[in-house]
Amino acid sequence: MTRLRDRFEALLLDLDGTLYRGNAVISGAPQALSAGEGAQALRYVTNNASRSAAAVAAHLADMGFAAAEDEVVTSAQAAAHVLADRLTPGATVLVVGTDDLAAEIERAGLVPVRRWETAVPAAVVQGHSPQTAWPDLAEAAYAIRAGALWVAANTDATLPTERGLAPGNGSMVAAVRAATDIEPIVAGKPYAPLLEDALTRAGTRSALVVGDRLDTDIDGACCVGLESLLVLTGVSTLADLAKQPEDRLPDYVSDSLDALNHPVVQEDPARLSDGDVADQVAERLRRHPGRAIAIV
């Protein structure tokens with residue numbers, strides 16, 4: 001029996017909406033991953049730049065996931081790598097985000113600052129923080145208008161929580177974009193830097209991207225040429241799938257993460273056509289609960 005996960009050497013796993021929502025574990029997710037532990041390299045890939053890899057790993061461990069710090073890949077790390085590739089060592093970077101984001105900037109050989117008065121920072125980096133306020137956004141806008149390079153950790157408009165969808169970093173990025181009329185370089189999904197970091201850390205390109213968002217996880221997989229599994233436990237729904245362009249459809253859809261541990265359902269050799277894809281997937285999920293549906 002060839003399970004879905006057995007087709008790949010690594011799994012690149014989204015967190016929010018895929019493994020948990022806020023502080024609530026998605027039912028069965030830890031058991032689904034542990035069922036194949038050791039068979040594939042697991043990389044926990046998060047667009048959230050608010051916490052360090054160590055903090056994310058500790059949070060996952062508290063929830064029952066066997067995650068080590070070096071298995072966690074964050075958009076804060078990816079943003080720091082993007083900046084280090086473009087700036088000279090010791091350059092100043094205005095940080096809009098958490099202290100953990102600032103620490104990643106420092107680890108990359110750059111100097112994080114929170115305010116500036118005379119010399120314009122070489123760059124601005126923006127990541128999610130619940131404490132971001134108007135003065136932080138204004139400081140970023142001043143620097144960007146003065147010529148600073150702008151890198152956003154991600155542009156997720158929303159963030160899944162146990163209470164529902166809250167404003168994400170993308171909502172704050174939109175405010176700065178409106179104030180500057182400038183587009184940032186984006187490190188996180190759906191752009192390549194974060195997933196390329198994860199592939200480098202996994203040591204293989206034989207990888208499956210697993211996530212709950214069409215606009216970040218699935219589009220990101222398409223961006224770097226990887227197969228993808230959409231799990232219906234977070235943001236994107238079957239109704240959203242019906243609106244997804246045909247060239248950016250996921251390769252597989254499932255209603256739970258445990259589909260990784262079962263063979264894929266491939267009933268119809270004909271490609272699902274645009275317009276009825278969601279209905280056909282819904283019907284197959286109804287007949288094959290817990291299995292991944294291949295979009296062929």
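**The pocket and the cavity**

Let's start with the lining of the largest pocket, which by class has four nonpolar, seven polar and three charged residues. For the classes, Ala, Val, Leu, Ile, Met, Phe, Trp, Tyr, Cys and Pro go down as nonpolar, Asp, Glu, Lys and Arg as charged, and the others, Gly among them, as polar. Before I go on: this is a predicted model, where local features need pLDDT of at least 70, side-chain atom pairs count only at pLDDT 80 or more, and totals for chains, interfaces and linings use all residues. Numbering runs from 1 along each chain as its sequence is written, and side-chain values use heavy atoms, with hydrogens and water left out.

Back to the pocket. Its volume is about 230 Å³, and 14 residues line the largest pocket, with D16, G22, N48, R51 and L159 nearest its centre. You'll want the rule: on a 1 Å grid over the protein atoms alone, a pocket is an open set of points with protein on both sides within 12 Å along at least five of seven lines, a cavity is a set where a 1.4 Å probe fits but cannot get out, and lining residues have an atom within 4 Å of a point. Points are joined across faces, edges and corners, and the volume is the space filled by probe spheres set on them.

The largest cavity comes to about 140 Å³. Its lining has 14 residues, and D16, N47, N48, D156 and L159 lie nearest the centre. By class, that cavity lining splits into two nonpolar, eight polar and four charged.

Which element gives the most to the cavity lining? Strand 10, residues 158-161, with three residues. Strand 10 also has the largest share of the pocket lining, again three residues. Strands here are DSSP runs of E, at least two residues, and helices are runs of H or I, at least four, numbered from the N terminus.

**Strand 10 and its partner**

Strand 10 is joined to strand 11, residues 164-167, by four bridges, and the two run antiparallel. They make a hairpin with two residues between them, and P160 sits opposite L165 in strand 11. I call two strands paired if DSSP finds at least two bridges between them.

Strand 6, residues 92-96, pairs with strand 7 over three bridges, and V93 is bridged to P112.

**Helix 3 against helix 7**

Helix 3 (75-86) and helix 7 (192-202) pack at about 100°, axes 9 Å apart. That makes them roughly perpendicular, a label for 65 to 115 degrees, where under 35 is roughly parallel, over 145 roughly antiparallel and the rest oblique. On the helix 3 side we have S75, Q77, A78, H81 and V82, meeting P193, L194, D197 and R201 of helix 7. That contact has four nonpolar, three polar and two charged residues.

K189 and P190 are joined by a cis peptide bond, omega about 15°, and P190 is in the loop between strand 12 and helix 7. Then there's D181: not a glycine, yet its phi is positive, about 60°. D181 lies in the loop between helix 6 and strand 12.

Terms used. Axes fitted to C-alpha atoms, helices over the stretch in contact; angles between N-to-C directions. Contact = heavy atoms within 4.5 Å.
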